[in-house]
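Thanks for asking me to take a look at this one. Here are my notes, in the order I'd go through them with you.

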Amino acid sequence: MKLYLGALTLPDYANDGFKEVTDPNVAKNIALDGTMYVDFYNNRRKWEIKWDYLTPTEYDAIKALYNAQFTNETFTYFGIPALGINVPVYINIVDTNRKWNGSLIQGFSIILEEQYAVS
């Protein structure tokens, strides 16, 4: 499945490297007697994309989009044409597993958080 971030076609992700998560936006309150009350507001989608290996050129292109959101103070559009998704997202780079093996970047991932709630 092809994924697009801005005008960039993202490289093929790892076999288990694409996950969509719905993140509920709620306010939970627990009374002294232990009763829980929840104010349900909406849900927001997030996508995590992981790559086993990226070339420096692929990494630089993704990193440039990440930096551009701060420079331009704008969201970048994320598209999954097969699912009819084209939404503005905040890009977050996950640095915990990234390594340079001399020619490729290993273990790189990003999290894309949708700007608008979906429900």
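Which residues form a nonpolar patch on the surface? Keep in mind that this is a predicted model.

1. The patch first. Phe70, Phe75 and Tyr90 make it up, and together they have about 290 Å² of accessible area.

2. Tyr90 has a relative accessibility of 31%, so it counts as partly exposed. Patch residues need over 30%, and Tyr90 has 31%.

3. Now for Glu114, in strand β8 (residues 105-114). Is Glu114 buried or exposed? Its relative accessible area is 7%, so it is buried, the cut-off being under 20%.

4. What does the Glu114 side chain pair up with? There is a polar contact of 2.7 Å between it and the side chain of Arg45. Leaving aside neighbours within four places in sequence, Glu114 is also in contact with residues including Trp47, Val87, Pro88 and Val89.

5. Who else does Arg44 touch? Setting aside neighbours within four places in sequence, its contacts include Val21, Thr22 and Asp23, and also Glu113, Tyr116, Ala117 and Val118.

Terms used:
Residues numbered from 1 in each chain as written. Predicted model: local features only at pLDDT ≥ 70, side-chain atom pairs only at ≥ 80, totals over all residues. Heavy atoms only, no water. Helix = DSSP H or I, 4+ residues; strand = E, 2+ residues; numbered from the N terminus. Buried < 20%, exposed > 50% of the residue type's maximum accessible area, 1.4 Å probe, protein only. Polar contact = N/O pair within 3.5 Å; in protein donor to acceptor, adjacent residues only side chain to side chain. Contact = heavy atoms within 4.5 Å. Patch = residues over 30% accessible without salt bridge, like charges linked within 9 Å, V, L, I, M, F, W, Y side chains within 5 Å. Areas by Shrake-Rupley, 256 points an atom, 1.4 Å probe, with all protein chains shown as cover. Salt bridge = Lys/Arg side-chain N within 4 Å of Asp/Glu carboxyl O.
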